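This briefing goes through a two-chain model by topic. Please keep the sequence and the coordinates open while reading.

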Amino acid sequence: MSNPIIERIRKEIESLDTSLHAEEIGRVVSVGDGVAEIEGLAKAQMSEMIVFDETENASLEDTMKKTAPLFGLVLNLEENLVKIVVLGDTNRMREGMVARRTGKLLNIPVGDAIIGRVVNPLGEAIDGKGAIKTDRSMPIERIAYGVMDRSAVNTPIHTGIKAIDAMIPIGRGQRELIIGDRATGKTTIAIDTILNQRFEPEATRPICIYVAVGQKESKTARIVGELEEAGAMAYTIVVSTSAADPSALQFLAPFAGAAIGEYFMEKGKDALIIYDDLSKHAVAYRQMSLLLRRPPGREAYPGDIFYLHSRLLERAAKLNEKLGGGSLTALPIIETQEGDVSAYIPTNVISITDGQIFLETDLFNKGIRPALNVGISVSRVGSSAQTKAMKKVAGKIRLELAQFRELEAFMQFASDLDDNTKKQIESGRKYTELLKQKQHQPMPFYKQVISLYGANNGLLDGAKVEEVKKIEGEFLDFVERDRAQIMPSIRDTRTLSDEVDEMLKSAISDFKAARPEFYTA
Amino acid sequence: MTTKVYGEAVYGAITNGMAVPNALSNLTAILEKYGHSSLRGQVLRDLLARFEKDEEKLTVTVRVSQTQDAEKFAKEIAMFTDKYHLRETAVKVDETLIGGYILESTEHRLDASHKKSLATIYQNVTND
């Protein structure tokens, strides 16, 4: 009779690698604020992973208890010393401790098994669902793909937010910044974008990666809960570092997320990565740099803070067909102070990205949510990726809103205005109302097209502004129920054919005739 | 800071072949010239520490679980010493090793202890 446990141990003993290799070591000279100075390690490389040996003089029992090794990352090579940031609890360290070279640059284990999991920047599961079995690892730091490896952005990534998909379209492989003050709905836009991907066909659905940098753990837990509830964790990975984590881990989190995204991109898939947020990332890097005694520059940020973000965001790409045609779309988030977009980090990231989505506190407080300032929000490459159907309906809305913004200042003199101006203001207010969306209720693009088509073609004429959202909802239900072929046609062909155009026009007139109570203004 | 600078300078001169008595008399003269005579003791201590560190670099520390094991592994110790051009040998008893040995210089370590093997087996068995 054989005991499986004994059998297992016997096999392990038989297969144990007993070959001996001399390890290159150094000893900890000092530790403080997450930075360790090591004497020795003469051949250590930049960004190399170092393992601290906690088992010296420890009994076998204590050694076996230490299951999670303590890692460090080489960031400064000096004449007699190596400076290392500790990727874990520095309380576990002591003077004279042995630090061992691993010979590996910092990398993260990746694989399909990571989908649906919450991990830390080292790829270790932190969701209590057990270890993640992966077969590959990707370097956390690497040079982005070159010009010849890329192709033009040509496929849209739908956020499910009408204002964005219509006027600030984002393409797969693009970098679009979400910027605004605190509590203006930046994270909500990012999460809605993830939620909206469930409407995409499974074959083309992007793998979403949400990177929480220095966020409150309660916020990350809430987001994971919301994603799980909506079934979005089936295609999402969360890389989480909390405000309580060492600055080194916060610094690594976006790069770890990018490495995971690149894994899927290289497999020919599309990936979407959200960096929430790069302001906190810059602060973590500043802290780390000052502790490493690197010279401070403007606002005490180190001189390479621009390079830090540019090399990170440059990893977003649309690969050419030869390389599989995958893509990595980046939505970095920046938090501004009092709407100051001319501060150091916001201007840096604005200049790196391919467009910005500006969110404003005033709009948010007025109840315009998403609080998007469409006047100064832009997308530099996304329009070439917009679907034909959306392009057809989005042109007019942009013009209407631009005119509305010009006339907005005169709204308080409404009684003195001529009829034409009044009409334009009314129309602008209706469009503004139409673009409002509740959080976590993204709309699939074909519904957006129908909704905007309706607004452009008289659906809202004669209706009160307060009724706009109600009319929109009822009209979409009406089309889905009574004109069942319209939505599948737009969804599948991504165009607005003449036939569908006619059907929509007749749907609008039929709806208006069927629901006269909405048109009493 | 000044002490370390003087220490490094004298250390450099000696390791470059200058006779020790000459280097020390020159140091005294220089310290007097710049009004730093009071630092002489500190500079000499710094110098001593540097030579001690050099000595450490040439020493292989053999850690075994019991004293008599050091002789058992004489061949392995000799190979390690030759490979890294070490001269001295210091034996330390570390009962936590259970068996086997660890050879250690300031920059290299060869761990052939039973503790390491047993911990590896334990981790392999429990990780899957």
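**Contact between the chains**

In this predicted model, 19 residues of chain B are in contact with 19 residues of chain A. On the chain B side, β4 (108-113) and α6 (114-127) each supply at least two of the touching residues. The largest share comes from α6(B), with 10 residues.

- By class, the side of chain B that touches chain A is made up of 8 nonpolar, 7 polar and 4 charged residues.
- Strand pairing also links the chains: β1 of chain A (residues 23-32) and β4(B) pair in the antiparallel sense over 2 bridges.
- Within that pairing, Glu24(A) has His108(B) in β4(B) as its bridge partner.

**Domains of chain B**

- The domain assignment divides chain B into domain 1 (3-55) and domain 2 (58-127).
- Taken over C-alpha atoms, the centres of domain 1 of chain B and domain 2 of chain B are separated by 36 Å.
- Both β4 (108-113) and α6 (114-127) of chain B, which contribute to the side touching chain A, have residue ranges inside the bounds of domain 2 (58-127).

**Chain A overall**

- Chain A has 521 residues, of which 45% count as buried.
- Its secondary structure comes to 16 helices and 17 strands.
- Along the principal axes, the C-alpha atoms of chain A fill a box of roughly 85 × 65 × 45 Å.
- Among the contacts in chain A with a separation of 6 or more, 73% are between residues 24 or more positions apart.

**Strands β1 and β2 of chain A**

- β1(A), the strand that pairs with β4(B), is also joined to β2(A) by 6 bridges, and these two strands run antiparallel.
- The hairpin of β1(A) and β2(A) has 2 residues between the strands, and Asp33(A) takes a positive phi near 50° in it.
- Ser30(A) is placed in strand β1 of chain A and stands opposite Glu37(A) in β2(A).
- Leaving aside neighbours within four places in sequence, Ser30(A) is in contact with Glu37(A) and Glu95(A).
- Ser30(A) and Gly96(A) are 66 residues apart in sequence, while their C-alpha atoms are 8.3 Å apart in space.

**Strand β5 of chain A**

- Strand β5 of chain A (residues 81-86) is largely enclosed by the rest of the structure, because 5 of its 6 residues are buried.
- β2 (residues 35-40) of chain A pairs with β5(A) in the antiparallel sense over 5 bridges.
- Two of the residue pairs between these strands are Val35(A) opposite Val85(A) and Glu37(A) opposite Lys83(A).

**Val86 of chain A**

- Val86(A) lies in strand β5 of chain A and counts as buried because 24 other C-beta atoms are within 10 Å.
- Which residues is Val86(A) in contact with, leaving aside its neighbours within four places in sequence? They are Gly34(A), Ala36(A), Gly72(A), Met93(A), Pro246(A) and Ala248(A).
- Val86(A) and Val51(A) are 35 residues apart in sequence and 9.6 Å apart in space, C-alpha to C-alpha.

**Helix α16 of chain A**

- Helix α16 of chain A (residues 498-514) has 17 residues, and its span of 24 Å from first C-alpha to last is close to the 24 Å expected at 1.5 Å a residue.
- Its buried residues are Val500(A), Leu504(A), Ala507(A), Ile508(A) and Phe511(A).
- Seen down the axis of α16(A), these buried residues fall within an arc of 100°, so they line one face of the helix.
- That face is covered by elements including α13 (445-456), α14 (468-482) and α15 (486-493) of chain A.
- The other side of α16(A) has the exposed residues Asp498(A), Glu499(A), Glu502(A), Ser506(A), Ser509(A) and Ala513(A).

How values were computed:
Residues numbered from 1 in each chain as written. Chains lettered and ligands numbered in written order. Predicted model: local features only at pLDDT ≥ 70, side-chain atom pairs only at ≥ 80, totals over all residues. Domains from an automatic or database assignment. Contact = placed C-beta atoms within 7 Å. Helix = DSSP H or I, 4+ residues; strand = E, 2+ residues; numbered from the N terminus. Nonpolar A, V, L, I, M, F, W, Y, C, P; charged D, E, K, R; others polar. Pairing = 2+ DSSP bridges. Expected span 1.5 Å × (residues − 1). Buried ≥ 20, exposed ≤ 12 C-beta atoms within 10 Å, placed from the backbone. Arc of directions from axis to C-beta.
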